Every structure is written in C-alpha cells, then in structure tokens.
Amino acid sequence: MIKTLLDLLSRFQEIGDREAICQFDGFRHWKLSYSELVSKAGAFACILDRDQVSKGDRILLWGENRPEWAAAFWGAVARGIQVVPIDPSFSIEFVQKVAKTTGARILVHGDSVRVDTLELAKLSFRAIREAEPAPLVPIEINEDDVVEIIFTSGTTDRPKGVVHRHRNLCANLNPIDQEI
C-alpha cells in the first residue's frame with residue numbers, strides 16, 4: 001500500500017537503469033533512467049537546501065513538460081515542499097497572482113515562459129539539468145502533508161487552488177498499485 005509519494009521514490013531507486021522519461025526536442029530523443037531521475041531530484045533538493053527552502057514552503061513550477069520538471073517535482077516532494085504547478089500557457093499576470101496568493105519562495109521555470117518581470121527568486125530548468133547529481137535523502141513526510149496546489153485560470157479575479165495531500169493522491173494510486 002502506498003501511504004505517501006515517497007513510497008514511489010523508493011521504488012524508483014529499485015528500478016534503477018530502466019527508462020523513466022523520454023523527451024523529443026524536435027531534433028533528438030533524450031532519455032532519463034529512474035536512477036538518473038532520482039539523482040537529478042537529489043540535485044534539486046540540494047539547491048532547495050542551499051536556498052533554505054524547507055518543509056511547508058511553496059515553489060512555483062512553471063514551464064513545459066520535460067525531465068527537469070519531473071526532477072524538480074520529486075526533489076520538492078522529498079523535502080516536503082509544496083509544489084504549485086503552473087501551465088506554461090498561463091499569463092504572467094496570472095502567475096503573479098498565484099505567487100502572491102501562495103507566498104511562493106521560488107519560481108522554477110522552463111525556457112518557454114517569460115519570467116523577467118516576476119519579483120521572485122528564480123531557478124531555470126537549465127540550472128537543474130546542469131547541477132551535479134546528488135543522492136536523494138527524503139525527510140520525514142506524513143499522509144496529511146500537502147504535495148501540490150493546483151490552480152486553474154478560471155474567470156474570477158482571484159485564483160483559487162485545490163490542495164492535494166499525499167493521502168489524496170495515494171488513494172488514487174492504490175487501486176492500481178500492482179500495475180505501477
């Protein structure tokens with residue numbers, strides 16, 4: 001039974017060199033194994049530690065789907081940091097409102113979004129890609145800890161988010177645990 005997403009992380013380490021992510025950038029395919037993903041997540045966790053972002057803090061994750069997005073997500077999960085994923089098509093104005101609403105500490109972003117006018121500490125996917133791999137040592141997490149807050153663009157002036165806790169996400173994963 002999966003109690004927190006950290007239970008999946010331990011499985012990632014067991015799977016090792018099998019392919020976890022494959023990305024096509026228009027020119028070639030980039031592949032990342034499970035062990036490489038965990039190492040990149042470890043590198044991101046080290047960056048969070050260095051910047052004193054800790055359990056209960058929030059980060060915005062704004063950018064295209066790519067291996068660094070996944071590494072940032074898992075590195076944050078391992079530190080108990082709440083991820084606020086933002087669709088790359090959302091406007092800068094929307095992102096500013098979400099950043100203010102959530103009190104996010106840092107913006108992790110891809111190349112496809114314009115971040116220069118945001119008054120928030122920033123870290124690019126490129127910095128995650130270039131970071132030295134590091135072991136990922138998760139902190140203690142419990143089922144009621146928040147994993148992510150999902151915002152939709154909506155039509156109201158004030159963005160509203162849906163809070164997902166480990167308990168909620170794992171309740172959806174447990175019925176398919178054997179397939180995972």
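Phe-12 is buried, with a relative accessible area of 13%; buried here means under 20% relative accessible area, exposed over 50%, and partly exposed in between, taken with a 1.4 Å probe on protein chains only. The model is a predicted one, in which local features need pLDDT of at least 70 and side-chain atom pairs count only at pLDDT 80 or more, while totals for chains, interfaces and linings use all residues. Residues are numbered from 1 along each chain as its sequence is written, and side-chain values use heavy atoms, with hydrogens and water left out.

The buried residues of helix α1 are Leu-6, Leu-8, Leu-9 and Phe-12. They lie on the same side of α1, because they cover an arc of only 150 degrees around the axis, the arc being that of the directions from the helix axis to the C-beta atoms. Helices (H or I, at least four residues) and strands (E, at least two) are DSSP runs, numbered from the N terminus. The cover over the buried residues of α1 includes α2 (34-50), α3 and α6 (166-173), where contact means heavy atoms within 4.5 Å. Just after α1, Gly-16 takes a positive phi of about 65 degrees.

The structure holds 5 aromatic pairs. Phe-12 and Trp-74 form one that is edge-to-face, at 5.1 Å centre to centre and with 75 degrees between the planes. Rings of Phe, Tyr and Trp (its six-membered ring) pair if their centres lie within 6.5 Å; planes under 30 degrees apart count as stacked, over 60 as edge-to-face and the rest as tilted. This pair links distant parts of the chain, since Phe-12 belongs to helix α1 (residues 6-15) and Trp-74 to helix α3 (residues 67-79), 62 residues apart. Trp-74 also counts as buried, at 12% relative accessibility.

Trp-69 and Phe-73 form an aromatic pair that is stacked, at 5.9 Å centre to centre and with 10 degrees between the planes. These two residues are separated by about one helical turn, because they are 4 residues apart in helix α3. An α-helix has 3.6 residues a turn, so residues three or four places apart point the same way. Phe-73 counts as buried at 10% relative accessibility. Phe-12, Tyr-34, Trp-69, Phe-73 and Trp-74 form one aromatic cluster.

Elsewhere, Arg-28 lies over the face of Trp-30, at 3.7 Å from the ring centre. A charge sits over a ring if NZ of Lys or CZ of Arg is within 6 Å of the ring centre and within 35 degrees of the ring normal.

Gln-52 lies in the loop between α2 and β3 (58-62). Although Gln-52 is not a glycine, it has a positive phi of about 55 degrees. Gln-52 is exposed, with a relative accessible area of 62%.

Strand β7 (residues 146-151) is mostly covered, with 5 of its 6 residues buried. It runs antiparallel to strand β8 (residues 161-165), to which 5 bridges join it; two strands pair if DSSP finds at least two bridges between them. Val-146 stands opposite Arg-165 in β8.

The protein chain as a whole has 6 helices and 8 strands. Its radius of gyration is 16 Å, close to the 16 Å that the globule rule gives for 180 residues, so the chain is as compact as a globular protein of that length. This radius is taken over C-alpha atoms, and the globule rule is 2.2 Å times the number of residues to the power 0.38. Buried residues make up 48% of the 180 residues in the protein chain.
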